[in-house]
Amino acid sequence: PLDEEGEQGAFWAEYGKHYIKTVVDGKEDMAAVVACPDKTFGKECPVCDLVDKGLLDARAQGMEPNKAPAFQSRAVQTFLLNVLILSGTEPTVPIVVSVGSQIFEQLIDIYEEYLNADIDILDVDTGVNLIINRSGAGRDTAYTVQASPKGSTAITLPSLLPNIDSM
């Protein structure tokens with residue numbers, strides 16, 4: 001996307017969120033998902049402040065910080081991207097998806113690798129498709145990102161612009 005000066009801007013937006021969990025009868029349950037102003041906008045976050053206090057209290061009580069209830073509510077960094085799901089029902093309609101650091105770091109590595117070869121993988125005409133594969137489940141889930149030559153889906157910039165969200 002172009003920034004306010006008409007220059008190429010970042011193709012992502014950072015977004016942080018806290019997963020607030022409760023324990024009822026020994027069973028952990030999701031109570032809320034709260035946006036994190038620190039991870040999203042670089043501004044003070046009251047939830048981060050409470051989590052930090054909870055971790056300090058846990059240390060003061062001799063508890064390992066990663067075992068403290070507050071540890072589970074730390075902010076998770078995600079990245080918002082405009083994407084086309086080419087295998088989906090509307091392969092030419094951009095949608096915003098949230099990806100974690102594991103996927104994002106691989107995307108950046110591929111982006112830089114191609115950019116070093118003077119190829120802009122984000123260009124509608126000369127770019128490449130990116131395939132994300134998932135294996136495992138739960139905390140053992142792993143993602144791999146691969147670049148792939150363009151497929152046969154015809155995509156034009158004018159058809160994408162009305163649906164692209166500014167990052």
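I began with L107, which I found in helix α3 (residues 101-116); helices (H or I, at least four residues) and strands (E, at least two) are DSSP runs, numbered from the N terminus. The model is predicted, so I noted that local features need pLDDT of at least 70 and side-chain atom pairs count only at pLDDT 80 or more, while totals for chains, interfaces and linings use all residues. Residues are numbered from 1 along each chain as its sequence is written, and side-chain values use heavy atoms, with hydrogens and water left out.

Is L107 buried or exposed? L107 is buried, because its relative accessible area is 7%, where buried means under 20%, exposed over 50% and partly exposed in between (1.4 Å probe, protein chains only). I then looked up I132, which is 25 residues from L107 in sequence and 9.6 Å from L107 in space, C-alpha to C-alpha. Of the 167 residues of the protein, 23% count as buried.

Next I turned to D38, which sits in helix α1 and is partly exposed, with a relative accessible area of 38%.

For the overall layout I recorded four helices and six strands, in the sequence pattern β-β-α-α-β-β-α-β-β-α.

Last, I checked pLDDT, the predictor's confidence in each residue, from 0 to 100. The protein averages 82, and 83% of the residues score at least 70. Confidence is highest in helix α1 (residues 37-41), at a mean of 94, and lowest in helix α4 (residues 157-160), at 56. Where pLDDT is low, the predicted coordinates should not be read in detail.
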